[in-house]
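Please look over the chain shown below before reading on. The report that follows goes from the whole chain to its sheet, and then to its helices.

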Amino acid sequence: MSDVKRFTFPQSRRLKSPAEFERVFARKRSASDNVLIVYACENGLGHTRLGCSVSKKVGNAVVRNRYKRLFREAFRLAQHELATGVDFVLIPRPGPEPTMEEVKASLVKLAKQAARRLEPPA
């Protein structure tokens with residue numbers, strides 16, 4: 001049963017405090033496309049964590065919460081494809097609300113790019 005991938009999203013996989021978000025933003029490693037901006041920072045843990053930052057520019061509370069649910073679900077489904085030991089903060093790009101497939105594909109692609117930028121040059 002150790003081979004089975006669990007698609008859960010427990011509290012330990014979330015960025016919660018403002019200090020954790022600030023640490024990720026201060027590292028200044030990001031990647032973006034027309035759907036998302038992904039910031040990345042090493043966390044020293046054995047797993048990946050996610051934070052969502054959705055501005056009031058995106059819309060009212062209903063729209064912002066829908067984006068956060070979309071981001072959390074995309075992360076939950078794609079977490080085994082992402083680099084371990086990294087914190088990610090997702091920020092939506094302006095425009096029409098993306099689909100789950102668009103967010104998931106964008107998250108996987110951009111998370112790999114941002115994690116690659118964390119590595120020191122060889």
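## Overall organisation

Followed along its sequence, the protein chain shows the pattern α-β-β-β-α-β-α, and it holds 3 helices and 4 strands. The model is a predicted one, and what is said here should be read with that in mind.

The radius of gyration of the protein chain is 14 Å, which agrees with the value near 14 Å for a compact globule because the chain has 122 residues. Taken along the principal axes, the C-alpha atoms fill a box of roughly 40 × 35 × 25 Å. Of the 122 residues, 39% are buried, while the accessible surface comes to about 7,300 Å², with 52% of that area belonging to carbon and sulfur atoms. Among contacts between residues at least 6 apart in sequence, 79% join residues that are at least 24 apart.

The 4 strands form an open sheet in the order 1-2-4-3, and their pairing is mixed. Strand 1 and strand 3 (49-52) are the edge strands, and each has a single partner strand, so one side of each is left without a neighbour in the sheet. On average, and with direction ignored, neighbouring strands of this sheet are turned by 20 degrees against each other. As a general point, strands of a sheet pair through backbone hydrogen bonds, in either a parallel or an antiparallel sense.

Strand 1 and strand 2 run antiparallel and are joined by 3 bridges, with a hairpin of 3 residues leading from strand 1 to strand 2. Within this pair, Ala31 stands opposite Val38 in strand 2. Strand 2 also pairs with strand 4, again in the antiparallel sense, over 7 bridges, and here Ile37 stands opposite Ile91 in strand 4. Strand 2 is mostly covered, since 5 of its 7 residues are buried.

## Helices against the sheet

Helix 1 lies across strand 2, strand 3 and strand 4, and it runs at about 100 degrees to strand 2. Helix 3 packs on the sheet as well, where it touches strand 1, strand 2 and strand 4, and its direction makes about 40 degrees with that of strand 2.

## Helix 3 and its buried residues

Helix 3 spans residues 100-118, and its 19 residues reach 27 Å from the first C-alpha to the last, close to the 27 Å expected at 1.5 Å a residue. Its buried residues are Val103, Ser106, Leu107, Val108, Leu110, Ala111, Ala114, Ala115 and Leu118. In general, an α-helix has 3.6 residues a turn, so residues three or four places apart point the same way.

Which elements do the buried residues of helix 3 pack against? Their partners are helix 1 (18-27), strand 1 (30-32), strand 2 (36-42), helix 2 (61-78) and strand 4 (86-92), so that both helices and strands are found among them.

## A closer look at Ser106

Ser106 lies in helix 3, and it counts as buried because its relative accessibility is 4%, with the cut-off for buried set at under 20%. When residues up to four places away in sequence are not counted, Ser106 touches Asp33, Val35 and Leu36.

Conventions:
Residues are numbered from 1 along each chain as its sequence is written. This is a predicted model: local features need pLDDT of at least 70, side-chain atom pairs count only at pLDDT 80 or more; totals for chains, interfaces and linings use all residues. Side-chain values use heavy atoms; hydrogens and water are left out. Helices (H or I, at least four residues) and strands (E, at least two) are DSSP runs, numbered from the N terminus. The expected span of a helix is 1.5 Å times one less than its number of residues. Buried means under 20% relative accessible area, exposed over 50%, partly exposed in between (1.4 Å probe, protein chains only). Contact means heavy atoms within 4.5 Å. Two strands pair if DSSP finds at least two bridges between them. Axes are lines fitted to C-alpha atoms, for helices over the stretch in contact, and angles run from 0 to 180 degrees between N-to-C directions. The radius of gyration is taken over C-alpha atoms; the globule rule is 2.2 Å times the number of residues to the power 0.38. Accessible areas come from the Shrake-Rupley method with a 1.4 Å probe; for residues, only the protein chains shown count as cover.
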